[in-house]
Amino acid sequence: MNTIYPYNNKTKFIIVTGGVISGLGKGVAAASIGALLSDRLKVVPVKCDGYLNTDPGTMNPTEHGEVYVLDDGGEVDMDFGHYERFLNVTAKKDWSLTMGRVFKMILEKERRGDYLGHTVQFIPHVTNLIKDHFYRIADQEKADVLLIEIGGTIGDLENQFYVEAVRQLSHEVGPQNALFVHLTYVPIPSGVNEQKSKPTQMSVRDLNERGIYPEIVIGRCEEYIKPHLKEKIGLFCNLPASHVVSGVDVKHVYEVPLVYDKEGVPEILSKRLGIYAPPRLDQWSKLVESLKRNQVTPRKTLTVAICGKYMALEDSYASVVEAINHASAHLDLRAEIRWVDTEKIEKGSITVEKALKGVDAVIVPGGFGSRGIEGKIQVIQYVRENKIPFLGICYGMQLSVVEFARHVCGMQGAGTIEMESENYHVEVPVIAYLPGQEKIKDMGATMRLGGHDVLIKSNTRAAEIYAGTATRERFRHRYEVNPQFVSQIEAGDPTGKNTQKLVFSGKASGEDIMQIMELTDHPYFMACQFHPELKSSLIYPAPLFLNLLKAADEKE
């Protein structure tokens with residue numbers, strides 16, 4: 001074996017690939033398989049993406065979906081959100097591979113002379129590096145199971161080195177230690193009213209041509225795969241019919257582990273890999289039932305407006321939506337989301353009153369740039385004055401400070417440095433660069449990233465929400481509340497006519513960085529510099545989201 005980190009004969013490898021079309025949900029499928037094992041085993045997920053970006057940190061959310069930030073500061077694919085929520089793990093940036101990162105490591109090794117003058121080739125050097133990466137993670141994490149998801153679809157040019165690497169890996173570790181799962185598509189064409197297996201057959205054939213023979217085939221489908229079709233797929237894919245699993249469409253992704261359990265996936269993994277890990281899904285099932293029940297007969301339905309500018313792709317705010325779902329499951333509520341494009345409010349094509357008519361709660365999530373910013377400020381002013389429960393996240397907190405400074409504190413010209421341009425000067429920069437950020441040129445991985453401790457002021461709503469005076473949350477920002485203006489903003493209206501007060505109730509540990517703000521004389525007006533949605537899960541909903549929906553539920 002030509003690897004740096006020899007196989008320890010303990011870790012089992014489950015490799016998830018996809019075929020036919022992208023967007024079938026490999027991340028959810030991989031996370032759901034892991035969820036069935038993670039109660040009793042240490043499952044470590046690894047994601048392999050084919051694109052040449054080093055990470056998704058500089059990619060537009062409307063193209064790639066949200067950037068998921070890890071506690072160690074890694075900016076990774078949104079599938080890591082599924083991994084953390086389903087597996088109850090704190091993922092690491094080393095668990096994310098992109099082909100850009102792979103090539104960067106190869107070229108760095110070549111420049112150092114690590115290849116001793118040899119011609120550097122895709123095989124064996126690139127594939128060995130990928131395998132070494134897998135083995136090293138398995139060894140460092142003492143993983144019982146390394147769950148490897150290969151992005152894209154079989155046949156994509158950009159993921160072929162990953163495919164070849166896992167083919168080699170499966171031979172090196174032996175058949176008792178590696179298993180391939182292939183996610184494919186079982187359509188029901190319009191007018192035919194019959195499930196079709198040919199896309200699955202062709203996809204598995206493509207995989208076989210690359211030397212890989214999946215032992216579980218999951219067919220994404222509108223309804224459970226008929227027994228005769230499972231037999232047919234099994235025949236053409238060299239599988240028992242019981243190894244053909246229905247990846248049936250569900251209302252909530254949290255139902256998927258329950259579907260796989262029903263389809264017998266844990267038994268297949270146990271027999272095939274020799275692992276004992278019967279899932280314990282009682283609490284999970286109870287919360288899923290709550291979500292399903294609330295779709296049909298909710299105790300109460302709330303309308304939650306998400307007001308941002310990345311409306312072209314709802315995955316831009318995927319974790320925000322999931323955090324809402326988590327909170328609603330615990331409160332026996334149905335939360336209907338209304339997407340509000342703040343750029344349209346800014347341009348006057350819709351009024352803020354019309355956009356927010358009938359909403360019970362409002363969220364202004366994170367983002368970057370000046371587009372849509374004045375529309376967001378209008379939204380924030382409206383919810384503050386009309387006492388609609390509100391949560392501002394990252395940029396949403398910064399703009400909440402700008403709005404309060406302008407309209408309550410009388411600080412005309414208040415704004416954020418992010419609005420600065422050749423044609424516009426911010427007169428009162430209540431939001432400024434974080435120290436050391438002013439001269440940074442590279443955009444990738446240069447912000448204040450990852451997990452940081454937050455100190456919470458006693459006798460505040462934040463202290464009540466977090467049931468203490470400290471928490472740890474995840475950040476991704478380049479700007480902060482300007483410390484020069486904190487006392488002036490907290491002083492409020494200099495005329496005394498407006499009695500609302502802004503309180504900075506959370507700040508960084510050991511630094512003068514404001515991280516939570518709240519308003520008095522308001523049913524629920526909270527904003528935070530961090531991203532609470534990134535730590536939310538079905539079992540443990542984010543406190544700021546849970547209390548937002550509580551406030552909306554209790555509001556007359």
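What distance should the 14 residues of helix α12 (residues 318-331) span, and how far apart are its end C-alpha atoms? At 1.5 Å a residue, the expected span (1.5 Å times one less than the number of residues) is 20 Å, and the end C-alpha atoms are 20 Å apart, which agrees. The model is predicted, so that local features need pLDDT of at least 70 and side-chain atom pairs count only at pLDDT 80 or more, while totals for chains, interfaces and linings use all residues. Residues are numbered from 1 along each chain as its sequence is written, and side-chain values use heavy atoms, with hydrogens and water left out.

Helix α12 is mostly covered, 13 of its 14 residues being buried (under 20% relative accessible area, 1.4 Å probe, protein chains only). The helix is followed by aspartate 332, whose phi is positive, near 55°.

The protein chain as a whole has 19 helices and 21 strands, defined as DSSP runs (H or I, at least four residues, for helices; E, at least two, for strands) and numbered from the N terminus. Its radius of gyration, taken over C-alpha atoms, is 25 Å, close to the 24 Å given for 556 residues by the globule rule, so the chain is as compact as a globular protein of that length; the rule is 2.2 Å times the number of residues to the power 0.38. Of the 556 residues, 60% count as buried.

Glycine 367, in the loop between β12 (361-364) and α15 (373-386), is likewise buried, with a relative accessible area of 11%. Its C-alpha atom is separated by 44 Å from that of glycine 211, 156 residues apart along the chain.

How values were computed. Buried < 20%, exposed > 50% of the residue type's maximum accessible area, 1.4 Å probe, protein only.
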